[in-house]
Amino acid sequence: MSIEYIEREFVEKVCDQIHLREEGVNKYRVFTPFRSDDGDHLVIVLKQELDKWILTDNGHTYMHLTYNIDEKSLHTGTRQKIVSNTLNTFSVDDVGGELRLTIENSQFGNALYDFIQALLRINDVSYLSRERIKSTFMEDFREFIEEQVPEERRRFDWHHPQYDPEGSYSVDCRINGIKQPLMFFALPTDTKTRDATITLLQFERWGLDFRSVSIFRNQEEINRKVLARFSDVSDKQYSNLTANRDRIPRFLNSVLAK
């Protein structure tokens, strides 16, 4: 199977703007016109391993996504479902973060077409709509707390059983087993931040003994007046989850150990 034949197959089945450049023994960089969201071309390499030809991204796709998305979140919740479904649909393997497709029955053109579609769909994880992102943030928050706090010491969607049996003033997660329970709020929007402000004020009126911890999806997106009112009644705040995945566990460990 000559490399000229393979290149012709790529051009016929995908598009005429494809060419190969040799980068080693039986190893070729595949240049295509397809790009990720920031304008970078997709990284695709064709190489032969034993008697098989393989397309690989050399681990670039996940690395590119983690410029803006926490690596752990790619493997949990909504994002993980998108990635997993895409890999299954196009028969692409994830080998330690390297995406690979083995070419069967000399179907070079079809294989490249499928591989490009898979990479583009996975790159589209960064294009989640604003509502989808908010949904993902709540999933990420819940999964993060589940990883950090034992089940018997956490209660999601908690409300006071005596003062608030209908759950009008709820907390995203209550951490118990300590002198002052931690009331965790996950705050993706202005509306949720206003609701948290009202809830904290109500807790003060009831005379509850607690500490509040708030994690914003992106604090910079919260209206300044809304944030100012919230800051008056809140204790500890984190501007976002992604940049504080190390700090929050340290804080939790220091509190839970007491």
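Start with the salt bridges: there are nine of them in this predicted model.

Select Arg79 and Asp140 to begin. Their side chains form a salt bridge, 3.0 Å from N to O. Arg79 sits in helix α3 (residues 77-89) and Asp140 in helix α5 (residues 130-148), so this pair ties together parts that are 61 residues apart in sequence. Both Arg79 and Asp140 are buried.

Stay on helix α5 and pick Arg142 and Glu146. Here the closest N and O atoms of the salt bridge are 3.6 Å apart. The two residues are four apart in the helix, which means about one helical turn separates them. Glu146 is partly exposed at 35% relative accessible area, and Arg142 is partly exposed at 38%.

Next, select Asp172 and Lys192, whose salt bridge has its closest N and O atoms 2.9 Å apart. Asp172 belongs to strand β8 and Lys192 to helix α6 (residues 190-206), 20 residues away in the chain. Asp172 counts as buried at 11%, under the 20% cut-off, while Lys192 is partly exposed at 23%.

Now highlight Lys47, Glu49, Glu98 and Arg100: salt bridges with shared partners join them into one network.

Last stop, the sheet. Color the five strands and you'll see an open sheet in the order β7-β8-β9-β10-β11, with mixed pairing. β7 (154-158) and β11 (236-238) are at the edges with a single partner strand each, so one side of each has no neighbour in the sheet. From one strand to the next, the twist averages 20°. Zoom in on β7 and β8 (residues 171-175), an antiparallel pair with four bridges; Arg155 has Arg174 in β8 as its bridge partner. Finally, show helix α7 (residues 224-233), lying across β9, β10 and β11 at about 150° to β10.

Methods. Residues numbered from 1 in each chain as written. Predicted model: local features only at pLDDT ≥ 70, side-chain atom pairs only at ≥ 80, totals over all residues. Heavy atoms only, no water. Pairing = 2+ DSSP bridges. Axes fitted to C-alpha atoms, helices over the stretch in contact; angles between N-to-C directions. Contact = heavy atoms within 4.5 Å. Salt bridge = Lys/Arg side-chain N within 4 Å of Asp/Glu carboxyl O. Buried < 20%, exposed > 50% of the residue type's maximum accessible area, 1.4 Å probe, protein only.
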